[in-house]
Amino acid sequence: MKSAYITVIGSLPIRFDIEQARALGPVIASANSNKSMSFDYATVNTETNLQDMLNSPNFRSADLLVPEKLFKKYVFFDGVTCLPDFPGLKSYDIDPEKCSPQVLSLMLSVYLKQTIVFLLGYDISNPTELTRLKSIMIANPNTKFMYICDPPRTYQLDDLDNGFCDNYIKFQELIDGAR
Amino acid sequence: MWPAMCRNRSVEILKDRPDLVDQMNKFRIKIDNVLKIICRKHFQVDGTYMMSGVRLWFESGQDCYDFIIRQPEFDWEIKPELSVMNTVTSQLQTFNVVYTPTGVTID
């Protein structure tokens, strides 16, 4: 059965057992910022990071999603997949080869049409990243975005109806409840 | 691609030319035997008849690369086209294979 939940790990290193989050649904990593964990999917748009991930045992079972230009270069590598043509990329002014991997992970999560997206270690300190996150949230009103962070909570997403913020304890409780 | 004399033959013609059918069957068996030697993971010689040649499916990209790169050993002609099944979109993406002096690149 298709899961309703998906977890996006952003560009910031996190201290949480991701294996537990996989009980809720697929987990998407953003490049190699958390390479000591195992994931279902990982997005990457630089060759250096891709090579590093191809050589990391924890990414061996993950689908590594890369932009088309990079995919053509690594087409014969097992586990490397071409990123889908995300709708609205041009209207967001996002270049998949230059944007941050966490934006690609976020777009992949909404592309997979899960109803609740958990954001862990998602960096919104950069205004561009915050704006892009909000744009994607607005464009997907039927998807709930749960921003998980350590206290103090952020109020940056409170102006959106489908944006919520909670801490890792609540996230753990949700995982425990789902088991 | 089929051996030159078998290429672009309609089913009607093949009915009257058992010699060509025999040659095509032998060609298919030869490919299968070679793939058994080269491939480390699953592969499949497509059973669907195509006028131009035989379509091959590889589970591993590395096996596919090895097959392409070892063509001079077998003297077969390969249509320079590579399709990859995208596991996320479930779509078949097709690219052109470009031969270079040092190997192959994908366009």
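What follows walks through a predicted model with chains A and B, starting with chain B and ending where the two chains meet.

Chain B comes to four helices and five strands. Reading along the sequence, the elements come in the pattern α-α-β-β-α-α-β-β-β. The C-alpha trace of chain B spans about 45 × 35 × 25 Å along its principal axes. As for contacts in chain B with a separation of 6 or more, 30% of them link residues 24 or more positions apart.

Three of the chain B strands build an open, antiparallel sheet, with the order S3-S4-S5. Strand S3 (81-85) and strand S5 (103-106) of chain B sit at the edges, each pairing on one side only. On average, neighbouring strands in this sheet are turned by 35 degrees against each other, ignoring direction. Between S3(B) and strand S4 (residues 92-100) of chain B there are five bridges, and the two run antiparallel. Within this part of chain B, Ser83(B) stands opposite Thr94(B) of S4(B).

Over in chain A, helix H2 (residues 47-54) has three buried residues, namely Asn49(A), Leu50(A) and Met53(A). Looking down the axis of H2(A), these buried residues fall within an arc of 100 degrees, so they line one face of the helix. Their cover includes strand S3 (41-43), strand S4 (63-66) and helix H3 (68-73) of chain A.

In soluble globular proteins, nonpolar side chains tend to be buried together. The largest nonpolar core here has 57 residues, and those with the most contacts inside it are Val8(A), Ile28(A), Ala42(A), Leu64(A), Val66(A), Phe118(A) and Leu119(A). Helix H5 (residues 101-111) of chain A gives this core its largest share, six residues.

Finally, the contact between the chains takes ten residues from chain A and 14 residues from chain B. On the chain A side, the elements giving two or more residues are S4 and strand S5 (80-82). The chain A residues that touch chain B divide into six nonpolar, one polar and three charged.

Technical notes
Residues numbered from 1 in each chain as written. Chains lettered and ligands numbered in written order. Predicted model: local features only at pLDDT ≥ 70, side-chain atom pairs only at ≥ 80, totals over all residues. Pairing = 2+ DSSP bridges. Axes fitted to C-alpha atoms, helices over the stretch in contact; angles between N-to-C directions. Buried ≥ 20, exposed ≤ 12 C-beta atoms within 10 Å, placed from the backbone. Arc of directions from axis to C-beta. Contact = placed C-beta atoms within 7 Å. Core = buried A, V, L, I, M, F, W, Y, C linked by C-beta atoms within 7 Å. Nonpolar A, V, L, I, M, F, W, Y, C, P; charged D, E, K, R; others polar.
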